[in-house]
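Me: Hi! Could you walk me through this one? I'm new to it.

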Amino acid sequence: EKGYGTGEHAPGLKLGGCGAYKAAHHIIKTHAKVWHSYNNTWRSEQQGMVGISLTSSWGEPLDPHSQTDRDAAERYIQFHLGWFANPIYRGDYPEVMKIYVGRKSAQQGLGTSRLPTFSVQEKAYIKGTSDFLGIGHFTTRYVLQKSSSFLQVSSYHTDHDLAELVDPKWPAPGSKWLYSVPWGFRRLLNFIKTQYGNPLIYVTENGVSEKVQCTQLCDEWRIEYLKGYINEILKALNDGVNVKGYTAWSLLDNFEWNAGFSERFGFYHIDFKTKNKSRYPKASVDYYRKIISANGFPNPREVML
């Protein structure tokens with residue numbers, strides 16, 4: 001969407017309400033082709049696994065008693081995670097995506113939906129092409145219904161008719177989009193379990209950035225973030241979610257898309273001004289090392305279920 005819709009990311013194409021959907025369509029079909037290639041050629045010899053890693057926030061209805069807010073939250077997750085996961089696990093785009101993008105396209109006088117369609121053969125070819133699901137997760141939003149005018153320029157963001165809110169009480173130590181909301185992770189993982197038949201899950205990205213460098217490298221907010229989110233994964237495990245592994249984002253401060261080096265997610269601080277790019281451990285290094293060593297929280301009383 002940022003690469004082929006708004007043009008914020010490489011390759012920087014501003015293709016409006018069609019580009020992101022076309023790009024995703026090709027990604028999904030290409031993923032399936034790679035999975036089948038491995039399955040037919042190498043699996044018997046190597047016994048490996050091929051999956052896909054999808055990044056998604058959680059959408060919580062602003063008013064859980066409001067059906068329109070609940071429906072909006074459902075659209076939020078289907079337009080994010082379901083966009084890719086639904087074809088791979090269930091054979092086609094989420095029904096709500098097809099309905100909303102199709103309706104918007106008709107209002108704009110288009111003969112066909114801006115959301116491409118899979119043929120019957122493609123649906124069968126794509127469905128089931130994942131031995132595991134990689135999940136990147138960072139934050140949560142409250143979601144409510146908000147209709148977009150059909151006079152607006154068509155885009156992925158106007159197609160789902162919703163607004164996103166945050167609670168000002170949520171900690172936000174880093175990137176402007178990243179609020180610490182651990183409970184959203186458990187809900188996302190349980191959604192995956194229910195929606196896609198409890199697939200094998202590897203958490204491929206989870207972490208928090210910092211806006212201002214802490215000269216003492218005392219990133220206690222990162223420690224609290226990790227503690228909260230890993231604890232919610234533990235709760236999800238107790239719910240029966242099939243989480244097999246966890247990878248924190250990230251080992252080092254690095255290049256973050258169009259934010260460059262301005263947002264630092266690393267356990268290790270990198271001095272980009274020095275020739276050798278010197279590395280210094282932050283306080284989170286010691287904390288995460290203990291979690292790895294214990295394969296969990298070192299002190300059982302630290303976790304409240």
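Reply: Happy to! Helices (H or I, at least four residues) and strands (E, at least two) are DSSP runs, numbered from the N terminus. This is a predicted model, where local features need pLDDT of at least 70 and side-chain atom pairs pLDDT 80 or more, while totals for chains, interfaces and linings use all residues. Numbering starts from 1 along each chain as its sequence is written, and side-chain values use heavy atoms, without hydrogens and water.

Me: Which elements line the largest pocket with at least two residues each?

Reply: Helix 1 (16-41), strand 1 (52-55), helix 3 (67-90) and helix 6 do. A pocket is an open set of points on a 1 Å grid over the protein atoms alone where a 1.4 Å probe fits, with protein on both sides within 12 Å along at least five of seven lines; lining residues have an atom within 4 Å of a point.

Me: Which one gives the largest share?

Reply: Helix 3, with five residues of the lining.

Me: New topic: how many aromatic pairs are there?

Reply: There are 22. Tyr-225 and Tyr-229 are stacked, because their ring centres are 4.0 Å apart and their planes at 20°. Rings of Phe, Tyr and Trp (its six-membered ring) pair with centres within 6.5 Å, and planes under 30 degrees apart count as stacked, over 60 as edge-to-face, the rest as tilted.

Me: Where do those two tyrosines sit?

Reply: In helix 8 (residues 220-238), four residues apart, so about one helical turn separates Tyr-225 from Tyr-229. Both are buried (under 20% relative accessible area; exposed is over 50%, partly exposed in between, with a 1.4 Å probe and protein chains only).

Me: Which residues form an aromatic cluster?

Reply: Tyr-21, Phe-79, Trp-83, Phe-84 and Tyr-156 form one.
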